Amino acid sequence: MPDIEGENLLLPQMRLDELLAELQSRVNAVMLTRDRVHSLLNAVVMVGSGLDLETMLRRIVEAAMDLVDARYGALGVVGQDGKLEQFIPVGVSEAEIAAIDHWPEGEGLLGLLIKEPRPLRLSDLTEHPESRGFPVGHPPMRGFLGVPLRVRDEVFGNLYLTEKANGGDFDEDDEAILTALATAAGVAIDNARLYEDTRRREVWLDASDEVTTRLLSGADTDSVLHLIARRARRMAPADLVAIALPDRSGTQLTVHIADGPQAGSVAGRTVDMEGTLTGRTFRSGEPVIIDIIHSASEPAPLLHGMGLGPALLVPLGGSDNSRGVLVLGRADGAVPFTGSTVRMLHAFAGHAAVVLELAEARSEAERLSILEDRDRIAKDLHDVIIQRLFAIAMSLMSSTRRIDNPAIAQRVQQAVDDLDDTIRQIRSTIFALQNVGGEERPWLRKQILDIVNGASESLGYAPNLRLEGPIDSRIPEQISEHVLAVLQEALSNIARHAHATRAEIRVEVNDAVTVEVADDGVGVPEQGRRSGLRNLAGRATGLGGTFQIEPRPEGGTRLYWSVPLHEDQLV
């Protein structure tokens, strides 16, 4: 006979076990939900704890990966043109990043999320009709979960998660918790962007103010260009900044200024205007962004072979008045330059170009004013001073014939000679005042004075210098170099060998350039090294001129060096 009573007792026990198991399951689900809520709250706090936008974006990706237990994560920032402007990957090593052929360009699934900003969850992303595959070198991925990041009802970007760490699929809970994180992250991003805009504006204003102050206070252009490069590198930020300026022909750009650890490697590099990104930037007046240098559509030789990845080319000025190109580069594997950075640097470079132009205009106006003053002084010297001295000299000469005392007559004649010498020196000064000169090289007259003044210390006295004729405007550069070398050698010989107490120098320009140096020393020794004198003779012969060195009747030595000038040699 069956034990009905035992069976009746076993049935409630089984139901109780089922109820307890279900209760345990529900408790575990509640605990798991509680833990995930706590994790979400912690992630929200962590994401909103800073105001640096770049750091915050990376924190968002890391927090999302932790919340849904994903192996890989990324955040794509969408630009105003609807394309990916910035891509921040997490979970991929630098070596793996370097092996990837190119950054994601917003095509395929990433483009679908940009066009249709709503959550997308897939078990195998390769089977989706919009999937375009991965670039060469990209690690394989299967599971996919993407949600949009909105800031004030506008899509800022998208959050992408792939590959569950346990090999499973992303579920509805993962999608819900990631959507909640994206909502909180949007608020934090908005605050960070406001802070970033304020800080960027302050940096821009400080840099522009410093450049303006330095230029308008009289600083030279090169030092200001160095300042522009340093400030731009800080504003970007970038690992290398170079400023390429056009040559005289307008066919090439050459790097004159560089800043960064590799500044020495890029300084002096030259690039053609035609067929290069740098030249296109210069001519168009519009910035050019390069995600990866070695895969750019056009060559950018200024930055090749330097281990750089993203690059940015910004014109200094507009297309009608471009003064050069600001070239910025970041290390290979770094994130590309964002649109906000490009706009800030473009505005900064444009402002700097305007300030450079204003400073040059002011400098030219000051130079013109100085030249006008010099011309006025030269006319006064010629029309008033020289005429009066000449009249005095003529009067004294007419009086000399009436003086019976030879000693007094000699003294008057000496005064006339001194007046003639004074007139010649004033005329030489007039030539110097009327010479507009060139800014590319120092005036020859000044270089001669520097050599003579520099020799005074070794000689022990100041030589007597006479400059006659249009020295600065008439002597071509190729001959002026020889003039300086002859003068330097002559004074050096006097200091070393002559034992002289007096030296007289005359540099005269008419149909020829003549350098005459005389001293009252011991003369030229019969024996001794004459390599320096042979060099002076060779310089004269090579230019079709003459060279002599001979003793003076009153003692000492006279050196004479002269080369002809032709009309086609006018500078």
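Which strands does helix H2 (residues 53-68) lie across, and at about what angle does helix H2 run to S1? In this predicted model, helix H2 lies across S1, S2 and strand S5 (154-164), and its direction makes an angle of about 145° with S1.

**View 1. An open sheet of five strands with antiparallel pairing.** The strands follow one another in the order S2-S1-S5-S4-S3. Strand S2 (84-90) and strand S3 (120-122) are the edge strands, each of them pairing on one side only. When direction is ignored, neighbouring strands of this sheet are turned by 15° against each other on average.

**View 2. The pairing of S1 with S2, and the helix that lies across them.** Strand S1, which covers residues 70-78, runs antiparallel to S2 and is joined to S2 by six bridges. Within this pairing, Leu75 stands opposite Ile88, a residue of S2. Helix H2, formed by residues 53-68, lies across both of these strands and also across S5.

**View 3. Strand S13 and its two pairings, one parallel and one antiparallel.** Strand S13 spans residues 503-509, and because five of its seven residues are buried, S13 is largely enclosed by the rest of the structure. Strand S12 (residues 464-468) pairs with S13 in the parallel sense, over five bridges, and here Glu468 stands opposite Glu508 of S13. With strand S14 (residues 512-519), by contrast, S13 pairs in the antiparallel sense over seven bridges, and Glu504 stands opposite Ala518 of S14.

View 4. The closest N and O atoms of the salt bridge between Arg506 and Glu508 are 2.1 Å apart. Arg506 is buried, because its relative accessible area of 18% falls under the 20% limit, whereas Glu508, at 22% relative accessibility, counts as partly exposed.

View 5. Asp259 counts as buried at 17% relative accessibility, while Arg233 counts as partly exposed at 27%.

**View 6. The salt bridge of Arg283 and Glu274.** In this pair, the side chains meet with an N to O distance of 3.3 Å. Arg283 is partly exposed, its relative accessible area being 43%, and Glu274, with 58% relative accessibility, counts as exposed. A search of the whole structure finds 14 salt bridges, and the pair of Arg283 and Glu274 is one of the salt bridges of this model.

Technical notes:
Residues are numbered from 1 along each chain as its sequence is written. This is a predicted model: local features need pLDDT of at least 70, side-chain atom pairs count only at pLDDT 80 or more; totals for chains, interfaces and linings use all residues. Side-chain values use heavy atoms; hydrogens and water are left out. Two strands pair if DSSP finds at least two bridges between them. Helices (H or I, at least four residues) and strands (E, at least two) are DSSP runs, numbered from the N terminus. Axes are lines fitted to C-alpha atoms, for helices over the stretch in contact, and angles run from 0 to 180 degrees between N-to-C directions. Contact means heavy atoms within 4.5 Å. Buried means under 20% relative accessible area, exposed over 50%, partly exposed in between (1.4 Å probe, protein chains only). A salt bridge is a side-chain nitrogen of Lys or Arg within 4 Å of a carboxyl oxygen of Asp or Glu.
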